Structures are given as C-alpha cells and as structure tokens.
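Biologist: Please show me the model. I would like to go through cavities, charge pairs and surface with you.

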Amino acid sequence: MPHRRIVKFVGITILACLCVLTLAQVRGLFWNRSFVSLDATWELTFELVWFGFVGVTFAALLAPLEALGWWAGWYGDEINTALNPGTLAEPFPLDGEVSRYVIYLDGISQAQHKYLPEVEQFLEELAIALPDDIVLIKGIMPYSVMNRPLTQNRLMSWFWQLADRFQMTESGGILGLLIGATINIRNILAVSVSADQRYGPIYNQGIAQVIYNSLINHGYQPESRTPITLLGYSGGAQVAVGSAPYVKRALNAPIEVIALSGVVSGNHNILLLEHLYYISGEKDLVEKEGPILFPKRWKLFPLSYWNRAKRRGKISFISLGAVGHNGAQGPYGAEAYLPDGRTHLQQTVEMIAGIIQGISPLTQRIHWAEAGNYDRYIQAAFNQPGHYPLDQGVDPDLYRAIAPWMGRLILPEQTQRQYVRGVLFEVHHAPPDHRHLVGHIVPLCWRKSASVQHYLNAVKKDVHFSQEAIYSQQQGCVHPFRLNHWQQVDPLESLAGAHPVDDVIVMLEDPVVEEIGNGRTGEQMRTGADGKTIWAAGQPACVLTIATEPIQITGRYYALVKILGPVCDRSSVPHSALPSSPSHSPAPFSQTPDHFHVVHFNPASRQFDGVEEIVRIPQVIVDVNGIFPASNQGIEKSPPNEWGWYIYGAKDATGAFVVQSLAPRALLRLQPDEFVVGRSATWNYLKRQMWKVKGQKGKIRSVLLSPVETDLQPVLAQWQEGTRTLLMHLYGGIGGKKREPPAKSPLFFGHFAYGVAEVVREPLADELMFNITYYQVYTHNVDGIVAGKVAWNRFLGDRQFGWMGSRPTADILIKLGAFTDDFDINGVHRSVLDGLLEQLEEMVARYRIGDGTGGTYVGPANNCVQDSNQALYMALKRLFDSFKTNPQLQTWMQDDPGEAERYAQLVQLSRDIRRKLLPLGTARADWVENKHMLGISPEEHFFEGLLRGLISWRTLIPRLASEVIARQFLKQNALVWILRTNQVGGYDPDIEPLAPTQIGW
C-alpha cells in the first residue's frame, strides 16, 4: 500500500475512534447522572441501545469512506469484489440460451446475502413466473462496494449479527425493533452516499463492479447485447439507478431498471437507460419522500436528468393501488388482499414478471386531436390491402410480378413475440416452388449471422413514447404507437408497426425458407381479426429468414401500357379490349371516369399495338390542404404517355386491374434526352439548369453528364446490366393556387435522400432500365411515409402516397468506380457504396422509432440531409479504418497499380467531401462517436443542436448538399445521370412545381 494511502487511512481511523471515545465519555456522564437507579433489565436495554447508537454514528462517519477506501486502494489488494457473486434463483437454462439477465437489489433491511423471508418468497414466485431463458440473480449486497455483508469481516460484525437476528424474528419486541432498525439506518446512509453528487459516482462504480462480476460469473458475454434488468426494491432502486450507467458502459448492453417502492434521487443520467419503471403503492409514505427530499426531481429544475427523462418517456409511473412500503401491507405482503382478490405479492409478481418479459401494464391508447393525410387516405377502399384478393390472377404475357417474394407485414401481439421472434408475413406472391404459401401467414425473422447481429445490436431499442411523440401523434402525424412500451424493438417490428394497421406491403430480397416441423401449431398463435393460423394444422411449418430490411412497394404486378383515354360508354369498348382468356374475364362496367382504355406494349413490333383492355385509374383522395397527390384528368395527353407507362397494382374483387402507381418509361430507360460534356458545362447544368421548372409542368427530363469530353455511345456502354450507382434524391415544393403551407415563405428547402440505382433488363420491353431504391431518412409525418428502403413505385410513383404527381423531383445518379465498385484486398471485398447502404439501413431503422422515443423531428442537428450525410461520413471513415488496419494494404497497392490508383482517387474524393461537409475542419462529436441522438425535441437542446448543425452547415440545406457532393464527384470525372419530373401524370390546374431554394455554395 502506498505511503500516502496509509497515512490517510490511519488518520481517518484515528478520527473515527476519537468520535467514538467522545461519545463514550458523554454516555458515561449521562449515565452517572440519570440512570443510577435503573434495574439490571433496563441497564442491559440501555447498553444495547447505546451500542446501537454508537454503531450507527460510527457507520455514518464511515459510510462514504468505505467507497473512498475501495477506490483509493486503502484496503489493499486482497479485497476481491468477485467473491459471493450472487446465486441463481433457478438453474441455468439447459440449452444455454439466455434472453435476459435480471439482478435483484434488496431494500435497506439487507445485512447479509440471505434475505428476509418475505423477500425470499417473492423471488421464488418471480422465478417460477419467468420463462426458463431469463436468468434471475439474487444475493448481491448493494450497500457495500466490496460486496461484503455487515455480519462478516467487519469491526462491529457481532452487533450487526445481533441486529439481523432481531429483525429476522417477530418476537423481538420493542428492543428487537430498535436494534433491528440500526441496519436500516446504516443502509440508508449508504443510499445517501449513492445519491450524493460528490461521493455517488465512486460508490455507484463500486456497485457496478459487483454487478459486472456477478453477470460475468453467470455466463454473460460482453458485447452480446443481451438485455439486463436491474430490479431494485426501496433503497436498492437508488443503487440500481446509480450503478446502471456504469454497467452499461462496461458491457455495452441495453439496461432497464425496475424501481419497486424506490426512493430515487434524480441526480443520475437516466437518459442512458432503456427505461425506468417506477412502481409504488398509494399508501407508500417512504417513496413519497423522494420527490420532496431531492431537488433534482422538482419541476423547478426542468433540465435535470430526471425531468428530461420524464419528457422523453424514459420513466413510466405504475401504481400498485392501496399498497404500503413494506411489511404485511407492502408489495411483498402475502396475506393482504386487493379488491380483485389477489394478494399484494401476487400483483407484484405478475406485474414485474410481465415487465421483464416485455408485456407492459401501461395503457397504449393515444387519442388524436386532428386527423392527418394518412387517416384520410386509408378510408378509400383502393388504398387498403384487403381490396385486392389474393386469388385474382393476371395474364403472364402482359403482367409480371414486381418481385418473387411479396407480401404484407403483420405486427404480432405483444404476448406472441417470444414465439414469433420477428413479425408475421402474409404471402402475396412467391416463387413457383413455394406457391402453396400464397395466402398463408408465416413468421418472418432475421437470419442468424454475425453481420445481421451487429446490425440488430446497433438499432434495437426499448420504445417508450416521449411527450413530444404523443403530442405529435395527436396533431395527426403517424407514429408507431402500437410499439409503445415494447422492449428491444427490432427493425422488422418497427417496419410492421409503423402504421396503425397492418398495411405495409414489401418485397423480400433473397429470403430463405426454413422448415421447422410441426412442433408449434396454429392453436398456439393466431393473428388479426381473420383468425388465420400461423402454422396450419397438418402442414409442415416454415419460417422465412432475411438478412436485409424489406423494401416497401406498391402493387403486386406491373405492365407496360399506353393510355388511350377514359371509358365513357361500354359500347365504345373494342372487342379486342375484352380478352376471352379466364385471366382476362371482363369486369363489371362502371360509368365513372376512373376507367381507362390502355394498350399493352408488343415486344414483337416494339410498339404499343398489343392487347387492349380497360384498367381502373381511380381519382385519389385530396389531402388536408385541398391538394390532390395525383390526378387522372387528361393523363392520356401527358407528354410521357407517348413512350408509355409502367403501371403497378393488382386486381380488385371485380377482376379490374387497379393502377396504384405509375412510372414513365422514358424516364427510367437508359436513353437520355440530353448529353452534356465538359467539366464546366456539366457543373453549369447541375447548378443552374437542372431545377428549371418554368414551363416544365407535366414533363420529364433525362440528362447524362460527362466531365470528360467524349461521345455518347462510349459513355452509355459503361452502364451495363448489373451496374450500381449512388443516387441522391431531392424534391421541391407545391406552388400555384393551392400552394402548400411550407412553401408560402420565401424559402423552401425540400427533401434529401440517398439510395441506389441498379441497371436491370426489364423483360416486357426487353431493354435496360434503372431499378431505384431509396433509403429514406424520413421523420414522422402526416402522410404516413415510413422511413426505410422504399422502391421508386412507392415513394414517387404511388398515386396516393407518392410525390411524382404533385412535386418536382430530381434523382441524381453518380457512377464512379472508386466509390461504387468493390476493392479486393486479398479476398476481402468492400465498397463505399455498400458501407453507405449499411449505415443508411441502420439510420432508417433508428428513425422509425426515434431511438426509442417513438418520434423523430426536423431540427438543425438532425434532419434528412444531416443524418443521411452522417451515414456517408461513417461509411468513408469505417472503410479507411479497415484499410489502415490491414497489414497487407501496402503490398496490395504495390502489386496492383490499377487498384492503387482507384484507392488514391477515393482518398482524394473523401478528403474533398469531408472538407466541404465539415468546413470548420472538425467532425461533429455525434458523427465521430455515432451517438444515438434521435428523438430529442429540437427545442430541448436548441443552442447545442444549432451549434452541431453549424459545424456541418452545408448539410443543413438539401439542394446545397446535393450540389456540393455532386461537384466533388465531377472533379473525379464521375458520370452523372439526372432524372427530373415536374408534377407528372394527369393535369391539375391549381398547382405548379416549385424548385428548392438555391442558397450559397
């Protein structure tokens, strides 16, 4: 032990002894004058009480010193806090798979590893109520940083043994009560140290070390992200809250705290917890002292951790009813009954077991004050999935499925989560080998792999709505309120639960069908009002597993047609438009203007002289501002109609094909309207001509830019089937007579998103086209647009929920091999584009739940363009970090000069982008550390958020950010393809395209 530590230790010990001797002198004087006439019984009683008083005083003096001594090493190296790491309430699960660890921290009556009888009974019943894959650990001393009981290896162990013996028996009388109370007093002092802002951090780190040792001893794997619950009763709740952030930091694990009849100071950073469940009884007078004694819980301090956590929904207050703090009337009372006939103990066990298993006792009902656009839109039958029966087929010569696997996501009930381990998937289309699954509901789960697990660890969070999220939903925005109070929500659940009803339609990328036998039956699990079983009796059960997030789509099938005009009279329909094949049986005719004659593309003649038929293009629902998202008026006269439309949809119950989405063929095919060459000319077009909207309403434009002087054909030859490009998307505003409210000011910034465009061969036209998927970092909104991977036919082409018909849009496709193609370093394949898409997939999953708060909001620090470019920054950083740590990098560059040149080009591009996005020369702290800052109201940290936003000020404005980034690529001679639309489709005279405001450079 260092000399200075010995001096401190000896000095403190001498001080404590002097205090005790002083008390002894006072006792002697007081005794001689006042108690000389007492008999022997009273003498013994007084002596015991006096010893108790001296013991408590001595303990009070040493309360913070034990923690300080542990921290400073005063007790030497022989102190081992890993001793007595707690015991399991029940044996470890046989299969070794643990879904959650629960650690119990007892109240202030604890003097040793053994608990009071009522506590032992509670833990026994709780262990029985929990499933086998949840581990419950007990026997930890939360009132000693050395995990040492009061009754062993202490100076006054004999007295604490006596006091513990008295409190363990009910026949101790008043004397036993007084002596037993000294344990409570001593432990209250330890709780006060935990709550103290000076000594608390040291004490709480000591207890965190004890908890850490216990978890590791019982098989916890650091970085496994297995959830942890700290269950603290009374003073144990304060210790749990104080130590939880340190345990989280050490294990990188999600941690929640259940405070049962707890007295919590409010001084600790509760924002770091997944959640704090604050459970108390109405007759609990001890718990009611907390809001009075601790100023940080007063409303007078709105910026305290406690009050900020309350606003963000991090604390849930749950009432036990007419229950006291302890004893027979406390939460562990086995003989006190509630009005419903349950004992206090039964209620406590059921409530806590439910919370641990993710079954919240809290109400999830949120009342809307206003209805948003989504609420209006889904009232129309053609916007509901049930409008399109699954048994309606299409002619395979005229229609193609959008994807091999398509279906509807269904959020399971909260009680079904432990069985489903994902979401449910109503199969709308499947490959031929699995066609028998169409119409059935099967589980859809994540594939077990290291990369998938890493992704899930980064985005899974407990969801508890903040006050801002509740208010936002009441104003008409769509939030995932069905997920409120769910634990560890994964991206599939947040996607399936994004809307109030199960209407999210998706396509799956490379799912794997896994047969799992008949071990589970449909009787065990059902879904929805239709009562369809997940596992049908007599059939082999199966599960679909995926490795990437599903892509949101519109429709099931698509065709390539030219619109001839509206149907005004059935007698005018040519006989050829009424196919005789069963799949084209004529639908009942309707005298409404939403039925149109169309003619299909003929691949033989490569003209629109194929089969004619009648399809339905319904007039969509008007939004809350009186604006139609799309129009079918005069659509046959629209300029893109000359080259035809890809129509997406499905057949309704009458057999009519309903067009839910449109895409202009001329926009997506690889034949540009204009070719611009030269560095100066390409930059001039991007900066000054791309967003010209005057006189462009209803038109599209496809322009190819090449900074290098060359001919068109060599450039087109570089866009081969399978080519992938980075995509930047922007949209403008809605002007005209019905100008949207955000566009009424002089500035309109628009929206920004990244994505990927792949060159594919479209089979109906047998030509190359762009297949576009957006990675939409999108805040919660009144339109019901869900952040995630969204297909072009959903985000732009959807006639009700898309933007092509009402806004000007731009897709900027960037092709640069150093960015989009893989580097191969001795078999390790990696590209920046892949890294960006991975980062964006994490970001959109976080956006859907607001990092657990239930909502994301637009502010200077967090918005679509800032957070999309954070993903770009992280993708570049991680790629270079991985290259720098590769010992074979230099050898690889020497052996392959071509790859080395590409790498040098990427390095220069990265430097240019970093310099422009971060002009102050430093990266934002939340970007560098990839902090989860979503879900925080911009008003809460206005100046801090403004400062963070200004550090990356060029990513505050979508148009500016897109121009800055595109120019850096042009400097590296990248090819850029621009796809522009201007309120395309039918004609609406009340709106005009409005370009995003151009600000700065």
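Biologist: Which helix and which strand each supply at least two residues of the lining of the largest cavity?

Modeller: This is a predicted model, where local features need pLDDT of at least 70, side-chain atom pairs count only at pLDDT 80 or more, and totals for chains, interfaces and linings use all residues. Residues are numbered from 1 along each chain as its sequence is written, and side-chain values use heavy atoms, with hydrogens and water left out. Helices (H or I, at least four residues) and strands (E, at least two) are DSSP runs numbered from the N terminus. The two suppliers are α19 (792-795) and β22 (657-664).

Biologist: What is the volume of the largest cavity?

Modeller: A cavity is a set of points on a 1 Å grid over the protein atoms alone where a 1.4 Å probe fits but cannot get out; lining residues have an atom within 4 Å of a point. Grid points are joined across faces, edges and corners, and a volume is the space filled by probe spheres set on the points. The count is 10 cavities of 30 Å³ or more. The largest has a volume of about 460 Å³.

Biologist: How do the lining residues of the largest cavity divide into nonpolar, polar and charged?

Modeller: The lining has 31 residues, with I553, T554, Q660, R794 and D798 nearest the centre. Ala, Val, Leu, Ile, Met, Phe, Trp, Tyr, Cys and Pro count as nonpolar, Asp, Glu, Lys and Arg as charged, and the others, Gly among them, as polar. The division is 16 nonpolar, 10 polar and 5 charged.

Biologist: Is R807, which meets E740 in a salt bridge, buried or exposed?

Modeller: A salt bridge is a side-chain nitrogen of Lys or Arg within 4 Å of a carboxyl oxygen of Asp or Glu; R807 and E740 meet at 2.7 Å, N to O. R807 lies in the loop between α19 and β30 (808-815) and E740 in the loop between β26 (733-735) and β27, so the pair ties together parts 67 residues apart in sequence. Buried means under 20% relative accessible area, exposed over 50%, partly exposed in between (1.4 Å probe, protein chains only). At 6% relative accessible area, R807 is buried.

Biologist: How far apart are the closest N and O atoms of E721 and R761?

Modeller: E721 is exposed at 52% relative accessibility. R761 is partly exposed, with a relative accessible area of 41%. The two form a salt bridge, and their closest N and O atoms are 3.8 Å apart.

Biologist: Which residues are linked in a network of salt bridges?

Modeller: The structure holds 29 salt bridges. The network links R606, R665, R669 and E767.

Note on methods:
1 Å grid on protein atoms, 1.4 Å probe; cavity = no way out; pocket = protein on both sides within 12 Å on 5 of 7 lines; lining within 4 Å.
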